[in-house]
Structures are given as structure tokens and as C-alpha cells.
Amino acid sequence: MQFHILVFATFASLIAPFGGFFASGLKRTFKVKDFGVSIPGHGGITDRMDCQFIMGFFAFMYYQSFIAEYKASVGSVIEMAIQGLSAEEQIEVVRGLTKYLVGQGQIGEGVLEYLADALPQRRR
């Protein structure tokens, strides 16, 4: 936790201020004094928030890359993989998994025989 705080503090103090420099350069390019008039004498909301835009983007990317935990079950991974297959390819996956499980002794040979009768034969 403290490491993540250190990373955020370092980024906020060293990199985020460049958001203001970038915004100033952008305004000079287009010969605009302020981005808006919502805060008299200070410009618009964008003038006040330019560093926060960079910090928000950094915080989101850092969280997604290093902190967030994605929990995927084996079933959901297999389901995603199978959805892209044709019906024939899905049947091949079932046959292959069945043969593997029979070889591991997890299911009986009767299941393999049943599937051989129940599933359509391969087209070659």
C-alpha cells in the first residue's frame, strides 16, 4: 500500500504539473488567454483542472495495471474460448476433453462410448 502511495505522490509532484505546461502551450498556439470564463480572473474549469486530467488518467491506468484483481473462473475462460468455435470444433473439444479425462481416470469409458454414439460423426 505504501509503495502505491509513493508512486502516486512521485507522479503527482514530478509529472502532473506538466499538464499545466501542456495546456498553456495549447492556449498559446491558438492565441487564447483562457479556456473559459466560468471563474472570473482564472479562466474556465479546464484552466483549474489541467493537472487533474493527467492525474486522473494516470490513476486509472495505474489501478487497472497494478492494483485491480481480475478473478476469472476456469468455466468462464473455457466459455469465452468455445464461443468463437464452430459447432464441429466444439464437438472436437468435447471429444478431446473426454478422452483426456478417461485417460486420467476421472470418468469411465462408458462416457466415451456414449458420446461416440450421441455426437455426430466427424466429417473428413
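Which residues in helix 5 meet which residues in helix 6? On the helix 5 side they are Val94, Thr98, Lys99 and Val102, and on the helix 6 side Glu109, Val111, Leu112 and Leu115. The account below sets this contact in its context. The model is a predicted one.

**The chain as a whole**

The protein chain has six helices and zero strands. Read from the N terminus, its elements follow the order α-α-α-α-α-α. Of the 124 residues in the chain, 15% are buried. Where contacts link residues at least 6 apart in sequence, 46% of them join residues at least 24 apart.

**Helix 5**

Helix 5 comprises residues 87-104. Its 18 residues, at 1.5 Å a residue, should span 26 Å, and the C-alpha atoms at its ends are 26 Å apart, which agrees with that expectation.

The buried residues of this helix are Ile91, Arg95, Thr98 and Val102. Because they cover an arc of only 65° around the axis, they lie on the same side of helix 5. On the other side of the helix, Tyr100 and Gly103 are exposed. The cover over the buried residues includes helix 6, residues 109-118. Two of the buried residues, Thr98 and Val102, are also among those that meet helix 6.

Just after helix 5 comes Gly105, with a positive phi of about 80°.

| Feature of the pair | Value |
|---|---|
| Approach of the axes of helix 5 and helix 6 | within 9 Å |
| Crossing angle of the axes of helix 5 and helix 6 | roughly 160° |

An angle over 145 degrees counts as roughly antiparallel, and helix 5 and helix 6 are therefore roughly antiparallel to each other. The crossing in which helix 5 passes helix 6 is left-handed.

**Leu101**

Leu101 is located in helix 5. Is this residue buried, partly exposed or exposed? Its relative accessibility is 33%, so Leu101 counts as partly exposed. Leaving aside residues up to four places away in sequence, Leu101 touches Gln106 and Ile107. Between Leu101 and Val111 there is a separation of 10 residues in sequence, and their C-alpha atoms are 10.0 Å apart in space.

Technical notes. Residues are numbered from 1 along each chain as its sequence is written. This is a predicted model: local features need pLDDT of at least 70, side-chain atom pairs count only at pLDDT 80 or more; totals for chains, interfaces and linings use all residues. Side-chain values use heavy atoms; hydrogens and water are left out. Helices (H or I, at least four residues) and strands (E, at least two) are DSSP runs, numbered from the N terminus. The expected span of a helix is 1.5 Å times one less than its number of residues. Buried means under 20% relative accessible area, exposed over 50%, partly exposed in between (1.4 Å probe, protein chains only). The arc is that of the directions from the helix axis to the C-beta atoms. Contact means heavy atoms within 4.5 Å. Axes are lines fitted to C-alpha atoms, for helices over the stretch in contact, and angles run from 0 to 180 degrees between N-to-C directions. Angles under 35 degrees count as roughly parallel, over 145 as roughly antiparallel, 65 to 115 as roughly perpendicular and the rest as oblique. A crossing is left-handed if the near helix is turned anticlockwise from the far one by less than a right angle, and right-handed if clockwise.
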